[in-house]
Amino acid sequence: VQLQAFGGGLVQAGGSLRLSCVASGSISSINDMGWFRQAPGNQRELVARITSGGSTNYAGAVKGRFTISRGNAKNTVYLQMNSLKPGDTAVYYCAADIRRIGDSVYYNYWGQGTLVTVSS
């Protein structure tokens, strides 16, 4: 099982980016999926989370600017980031709780990070 994240880059303040993350492999089911970020010198923090049923929650700093969603196949999660600020600069990681085929429990998987840089 692996998660692959795409879509980071350099954008000016006020601009938008869309991150994508695809889970692949021997997957039986996926529960929560989410995005985290880590800025230099800071701890990794939750940005947004979405359940298998579509319920969402957001960090206060991004509420109203970022939108998390899942694809129809439920193995993809997106993060639409609008009105970006220099403070949003970080490496963004996707994560998911996944049950592999043949397993009875869910494990937490992480994708590789994708760098988002917002210039002022």
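**Figure 1. A disulfide joins C21 to C94.** The sulfur-to-sulfur distance is 2.1 Å. C21 sits in strand β3 and C94 in strand β9 (residues 90-100), so this link spans distant parts of the chain, 73 residues apart. The model shown here and in the views below is predicted. The torsion about the S-S bond is about 55°, so the disulfide is right-handed. Both cysteines, C21 and C94, are buried. A search of the whole structure returns one disulfide.

**Figure 2. R37 and D88 meet in a salt bridge.** Their side chains come to 3.0 Å, N to O. R37 belongs to strand β4, whereas D88 lies in the loop between β8 (76-81) and β9, so the contact ties together parts that are 51 residues apart in sequence. R37 is buried, and D88 is buried as well. The whole-structure search gives four salt bridges.

**Figure 3. D88 also forms a salt bridge with R65.** The N-to-O distance here is 2.8 Å. R65 is in the loop between β6 (56-58) and β7 (66-70), and D88 is in the loop between β8 and β9, so the pair ties together parts 23 residues apart in sequence. Both D88 and R65 are buried.

**Figure 4. D103 and R100 form a salt bridge.** The closest N and O atoms are 2.7 Å apart. Are these two residues buried or partly exposed? D103 is partly exposed, because its relative accessible area is 26%, which lies between the 20% and 50% limits for that class. R100 also counts as partly exposed, at 34% relative accessibility.

**Figure 5. One aromatic pair is found in a search of the whole structure.** F36 and W110 make up this pair. Their ring centres are 4.8 Å apart, with 55° between the planes, and the pair is tilted. The two residues come from distant parts of the chain, 74 residues apart. F36 is in strand β4 (residues 27-38) and W110 is in strand β10 (residues 107-110). F36 has a relative accessible area of 17%, so it is buried. W110 has a relative accessible area of 36%, so it is partly exposed.

**Figure 6. The charged end of R18 sits over the ring of Y78.** The charged end of R18 is 4.0 Å from the centre of the Y78 ring.

**Figure 7. Strand β1 pairs with strand β3 in the antiparallel sense.** The pairing runs over five bridges. β1 covers residues 2-6, and β3 covers residues 17-24. Which residues of β1 make up its covered face, and which its uncovered one? L3 and A5 form the covered face. Q2, Q4 and F6 form the uncovered face. L3 stands opposite A23 in β3.

Notes
Residues numbered from 1 in each chain as written. Predicted model: local features only at pLDDT ≥ 70, side-chain atom pairs only at ≥ 80, totals over all residues. Heavy atoms only, no water. Buried < 20%, exposed > 50% of the residue type's maximum accessible area, 1.4 Å probe, protein only. Helix = DSSP H or I, 4+ residues; strand = E, 2+ residues; numbered from the N terminus. Pairing = 2+ DSSP bridges. Phe/Tyr/Trp six-rings, centres within 6.5 Å; stacked < 30°, edge-to-face > 60°. Lys NZ or Arg CZ within 6 Å of the ring centre and 35° of its normal. Disulfide = S-S within 2.5 Å.
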